Amino acid sequence: MEDLADQHVFENRGADKTAPAGALHTAPHDAPSPFAARTRWWHHIPAVLAAGLICGLLAAMFSISAAALLFSTVLGEQITLAIGICLFGSIVLSIVIALFSSCPGTVSVTQEVTVVTLAVIAASIHATMFAAHGEAEILATIVVMIGLATSITGLALFVMGTLRLGRLIRFIPYPVIAGFLAGMGWLIVAGALAVVLGEALTRATLPTLLDPATLAKWVPAVAFALFVDTASRRSGNPLVAPAALVASLAFFHAVVWIMDMSVAQLQLQGWVFAPPQEARILLPFEGNPLAAADWTVIWYEAPKVIVLVAVSAAALLFASSGIEMSVKRDIDLDVELRAAGVANMFAGAGGGAAGFQGLGLTMLAHQLGAPYRITGVLVAGVCTAVLFFGATLLSFVPIPLFGGLLLWIGGGLLYEWLIAIRARISRREYLIVLLIVGLIVSVGLLEGVVVGIFAAAALFTLEYARVEVVKYAVTGAELHSRIEHADDDRAYLTRQGRHTVVLRLQGFVFFGSVYRLHQFILDRIACSDTPNIRFLILDCRDVTGFDSSAILSLEKVRDMILKDNGELIVSGLKPAIAEKLHMAVGPDRNQRTCRCFDTVDQAMAWCEDRLLQGWQDRPTRDHQHSLADHLNREIDCPDAFENMRPYLERVDIAPQTRLIRQGAQSSDIFFIERGTVIVQLDAGGMSPVHLRTLGPGTIVGEMSFFLKRPRTASAVAQSDTTVWRLSRDNLQRMTTKEPQLAYAFHSYLLRIVSERLNQTNRLVSSLTN
């Protein structure tokens, strides 16, 4: 019986520990270390300067595009202030994150996904204050709210990084993230059209899209977005976007020069921005907005900052993971959270907009050969130059170009998270995405995200409730304990086994799945082929928890079993769950109990013992004659044991003495006459694994003996034990001198193996049906 260890080893082959998550992306040997990033950048000055200039100009243009989105529907004439808010945020973000990021060469800017959220907050403040407040007070309130929201977001990100919650994104339902990003794509597209058209896109303004003057504005923007997207996808060259920008600017001004149009005419017709006469970009902290802001409205809008925090954290982790995979080096997500947190707190203190690590610009910096911290500082320098000296350049940048950039970004989000995602998720999950997008478009951002989270939670509950809580069901006729009983006892237990039912449960048993468990038990009890259940064992080794509904249902099951004088037995519960279950389903005023065991084997052994105790006609268990009577009966010869005695050797063993040693050569088998032997799997320095308990009338060591292979387990006497040893030489001698006795003995062993195989087949059949 020690050969049962083979099955145990086979079942645990997949239990090897997996590699740490951080080992999934290993940095190449030639990747520069942070130290190298601080000391060797001057060896690549041309690449660093080129990357800093190109990425800086792109960061400035993205910031200006985001600024156009920030006030696009409420304060379009305050474009220079919006640009100041976004540029100031990009400057602070670029410097701080470049210095403290775990990935040198990281470029950070004010992001569209955060600006969209801030734009929603700005629009809500404008709608609340429009009727009763002046524009100066509205503007101050919006600026203060933007800075406050950015600072709060930074503080939340820093706390998340400090608490090592970098993997928190894994707990956000994927359909919610997808729906939010698709909704962001729509809001960016709508904002882009509002920038191009000069008014918000509504049902009333939809017919004007076909007017010739309007077509001339939005068609070039769409064409530019399609051109950049197509060229970027086909070439894969990161310089396509800046080249397209330069080419579009040159083409626009060539047409203007040919048509001999002045800047004033272009501004009047809405082709370029019209900055204030002083031609200066305004900084968000000018004029002390804290004194002019309406703090009542700010506190009313404060709950919406939760959305900004969630969006920033999720998008930051997504972007950082993308950077990690793109540049092929490990990134510490907690460090990235802390770096972005500090940067946003400083940016918000000055009224800047929120942002985080930029995936595209960081990839561009690395591809241009500048994976150094100085690159991010140079990007901040270029944005600073634009902030203080670039306002006059706004008169030369066409509005459709800004709109085209926004359409490119927003359209990409819509395609990726509304169209392409359909093939990657289920129909129910896709309906959640559509629901979130619809609510964001028709109601609002916060409402769409909240409803999406609840919808995802409801879908999870529904899907999880459909998982079968009963992993399998067997009876005592198929599943026995590890105690090896004598043949007559084993036959009796098999006959009475249908009175014992074992249900192996799995997962979290809660209100959504407990009904299926309760109904399964009812159907089992009501089945005409099932006799009265005397023992109902719930094997809970795979159960992670019970809620109150499940515990109440178990109490009902216990009472139902007790009506037929049965007992409810629970095994394998975790200590905390066992205590909770015992408090609810434990002894009541009628002293009716729910028994608990550590393992299902202990529960089965207890049930088998109760069944054997109730066997009134059980054969005698006199140890002095049980082995002889057993062999005489099984070999069908009244003198079988006496005939075999010349070939057997009596061995008396003290408790805790090894009868068989794991790994030793198998040269004999043993017949147990008295006492108990434990078959166990030795596991080095760990505690041995209990495989089987053998009593009088059983055999140990026969499989390895006949297969002529080393022992696969050890056999240890648990008490004072007497065994009879049959060696290989004596068996050969018996075969030569008494072939009929040897033949009868081999037939007996063949029946034992066949019965065990039949028992295993019944168990497998019951598990697969």
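Q: How many bridges must DSSP find between two strands before they pair?
A: Strands (E, at least two residues) and helices (H or I, at least four residues) are DSSP runs, numbered from the N terminus. For two strands to pair, the number of bridges between them has to be at least two.

Q: How many helices and strands does the protein have?
A: First, a word on the model: it's predicted, so local features need pLDDT of at least 70 and side-chain atom pairs count only at pLDDT 80 or more, while totals for chains, interfaces and linings use all residues. Residues are numbered from 1 along each chain as its sequence is written, and side-chain values use heavy atoms, leaving out hydrogens and water. With that said, the secondary structure comes to 29 helices and 16 strands.

Q: What is the average twist in the open sheet that runs from β3 to β8?
A: This one also has five strands with mixed pairing, ordered β3-β5-β6-β7-β8. Its edge strands, β3 (470-475) and β8 (595-597), each pair on one side only. From one strand to the next, the twist averages 20°.

Q: At about what angle does helix α22 run to β6?
A: β6 (residues 535-546) runs parallel to β5 (residues 500-509), joined by nine bridges, and V509 stands opposite F546. Helix α22 (residues 548-563) lies across β5, β6 and β7 (567-571). Taking axes as lines fitted to C-alpha atoms (for helices, over the stretch in contact, meaning heavy atoms within 4.5 Å) and angles from 0 to 180 degrees between N-to-C directions, α22 runs to β6 at about 175°.

Q: Is V159 buried, partly exposed or exposed?
A: V159 lies in helix α6 (residues 135-162). Relative accessible area under 20% means buried, over 50% exposed, and in between partly exposed (1.4 Å probe, protein chains only). Because its relative accessibility is 37%, V159 counts as partly exposed.

Q: What percentage of the 769 residues is buried?
A: The protein exposes about 36500 Å² (Shrake-Rupley method, 1.4 Å probe). Carbon and sulfur atoms supply 61% of that area. As for buried residues, their share of the 769 is 50%.
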